[in-house]
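Me: I'd like to go through the labels on this model and see what backs each of them. Can you take me through the cut-offs as we go?

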Amino acid sequence: MSITQNYKLNLIQWYPGHIAKAEKNLKEQLKRVDVILEVRDARIPLATNHPQMNEWVGTRTRILVLNRVDMILPQVRSRWIEWFKNQSEVPYFTDAQHGQGITAIAKAAQAAGIELNKRRQERGMLPRPVRAVVIGFPNVGKSALINRLIGKRVVESAARPGVTRQLRWVRISDQLELLDAPGVIPARLDSQAAGVKLAICDDIGEASYDNQLIAAAFVDILNELQETYPKFLPPHPLLTRYDLDSIIHTGEAYLQALAEHRYKGDIERTARQMITDFRKGLLGSIPLELPPM
């Protein structure tokens, strides 16, 4: 969407030291990995696709996980399944917070293990558990997914990017070992529009953006979706929540109008509230990206 091109992210701390270090460690550990579970945000499956992912995957099995499926409507999910199928990929949809879709992922990882051990046997080697790694942007739900796979809270899971910093192996069963890796952010984002969506969904560090710009961009994206693909959204999400329709305003003008209408003119508070409401699902199930038509 062209509208987000105008928003310049404030790229302070865009590439924190611990993420650079984590990436280096990850490359080391990947030598020992058989399967990569790539976790993306179902609201923005393209923006949460790490540009180096194919390089990391190499010849390994990749299992594509789109988490937060509870935050998009079923028709959006169907559209993505169709689109990925055309790219010869099978996406697994999960709601890791509530444990939806986890069994299918464990089965897919174990199926890769059967294949691996068949090859090992042919070479006269003993079978071993399949080694999988979970990779994705910060805060897309990797730790929650691992906790669900393990069935108990082994990994610290927190709603702020960059909580997982060390790499560690966790045994899930006799067939499966998991490496929990910290969130990886690209060294630079070529797409400003993708950066804006990552910020709206809280998939990058807070120091990287300005709340008011991000909230205004969110309204613009929402307006454009409402005009072009209304069936993929709940009807009038902002009007329903705030008693003020956004469709006649630009994002910036709507933010000002809403601040006057509800928050005594405090635009910063308005921006924060709206972004929080979106992230908590209080505006309904809203995707910020749809498959390229």
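**Labels and cut-offs**

Me: Why is E268 called partly exposed?
Reply: E268 has a relative accessible area of 28%. Buried means under 20%, exposed means over 50%, and partly exposed is in between (1.4 Å probe, protein chains only), so E268 counts as partly exposed. Keep in mind that this is a predicted model, where local features need pLDDT of at least 70, side-chain atom pairs count only at pLDDT 80 or more, and totals for chains, interfaces and linings use all residues. Residues are numbered from 1 along each chain as its sequence is written, and side-chain values use heavy atoms, with hydrogens and water left out.

Me: And what makes R272 partly exposed?
Reply: Its relative accessible area is 42%, so R272 is partly exposed too.

Me: How do you know that E268 and R272 form a salt bridge?
Reply: That term needs a side-chain nitrogen of Lys or Arg within 4 Å of a carboxyl oxygen of Asp or Glu. For E268 and R272 the N to O distance is 3.2 Å, so the pair qualifies. The structure holds 14 salt bridges.

Me: Why is the pair W83 and F84 called edge-to-face?
Reply: Rings of Phe, Tyr and Trp (its six-membered ring) pair if their centres lie within 6.5 Å; planes under 30 degrees apart are stacked, over 60 edge-to-face, the rest tilted. By this rule there are 5 aromatic pairs. The W83 and F84 centres are 5.0 Å apart with planes at 80°, so the pair is edge-to-face. Both W83 and F84 are buried.
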